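Good morning, and thank you for coming.

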Amino acid sequence: MMNLIFLGAPGAGKGSQAVKIAQKYNLAHLSTGDILRNEVDKKTELGIIAKQYMDKGELLPDDIIIKMVENKIKEVKGFNGFIFDGFPRTIKQAEDFDKMLDSIKIRIDSVILLDVSKEILIERLSKRAVLENRKDDSDISIIENRIVQYLQKTAPLIDYYKKQNKLIKINGIGLIDDIFIAITNIIDKKI
Ligand code: AMP
């Protein structure tokens with residue numbers, strides 16, 4: 001069993017790397033952003049609420065996200081562990097998550113931080129807007145708000161996981177394949 005958290009600003013490349021790493025090590029890729037986008041597309045009750053926050057680049061309330069993740073973890077079977085991508089995103093989520101993990105006897109092995117400068121983040125997010133037609137990447141003020149939300153609410157998790165001795169920082173600038181190899185080198189040393 002191996003459980004990882006992928007941490008990093010929007011546009012840091014968490015999603016692309018998480019998909020590849022999940023495939024290589026047979027991990028369940030649990031992306032809260034993907035789950036929410038799926039709910040929005042299906043126009044579920046949760047999706048209708050989520051859309052109001054996502055369109056503005058705001059984070060959803062912690063209790064909604066925690067409940068959603070807890071349900072998802074229970075659903076998933078047949079994998080060697082999890083990659084949590086885009087979760088937790090606040091100290092409150094991380095604290096509640098630690099309690100949840102304790103109670104279901106799951107342990108986070110490492111938190112992979114993909115480190116990318118703000119200029120490159122904005123450039124990547126603007127490109128993604130065109131490629132993926134994501135509403136939350138389509139407007140520079142929404143993109144900037146997502147980065148502000150990250151810096152204010154999510155970046156404090158770097159210290160949170162440093163204190164738990166779980167943080168591993170990876171340079172997130174460069175070729176996708178090179179960054180992938182850097183991550184696998186770290187994971188392979190741990191297995
Ligand atoms: P992402 O694809 O991870 O960038 O997520 C897209 C959007 O979904 C975010 O801008 C938030 O509105 C929402 N979201 C995803 N994960 C979370 C989370 N852990 N907590 C709160 N909101 C989230």
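Please keep in mind that this is a predicted model.

I begin with the backbone. Most residues other than glycine have a negative phi, and most peptide bonds are trans. Which residues depart from this pattern? Lys43 is not a glycine, yet has a positive phi of about 55°. Lys43 is found in the loop between helix H2 (32–41) and helix H3 (45–54), and with 65% relative accessibility Lys43 counts as exposed. Asn165, also not a glycine, has a positive phi of about 60°. The loop that holds Asn165 runs between helix H8 (156–163) and strand S5 (167–171). Asn165 is exposed, because its relative accessibility is 72% and the cut-off for exposed is over 50%.

The peptide bond from Phe87 to Pro88 is cis, with omega near -5°. Pro88 lies in the loop between strand S3 (81–85) and helix H5 (91–103).

Phe87 leads us to the rings. How many aromatic pairs does a search of the whole structure find? The search finds five. In one of them, the ring centres of Phe87 and Phe97 are 4.7 Å apart and the planes stand at 75°, so this pair is edge-to-face. The pair links distant parts of the chain, with Phe87 in the loop between S3 and H5 and Phe97 in helix H5, ten residues apart. Phe87 is buried, at a relative accessible area of 0%, and Phe97 counts as buried at 0% relative accessibility. Ring pairs join Phe82, Phe84, Phe87 and Phe97 into a cluster.

Finally, Lys20 lies over the face of Phe180, at 4.6 Å from the ring centre.

Definitions and conventions:
Residues numbered from 1 in each chain as written. Predicted model: local features only at pLDDT ≥ 70, side-chain atom pairs only at ≥ 80, totals over all residues. Heavy atoms only, no water. Helix = DSSP H or I, 4+ residues; strand = E, 2+ residues; numbered from the N terminus. Buried < 20%, exposed > 50% of the residue type's maximum accessible area, 1.4 Å probe, protein only. Phe/Tyr/Trp six-rings, centres within 6.5 Å; stacked < 30°, edge-to-face > 60°. Lys NZ or Arg CZ within 6 Å of the ring centre and 35° of its normal.
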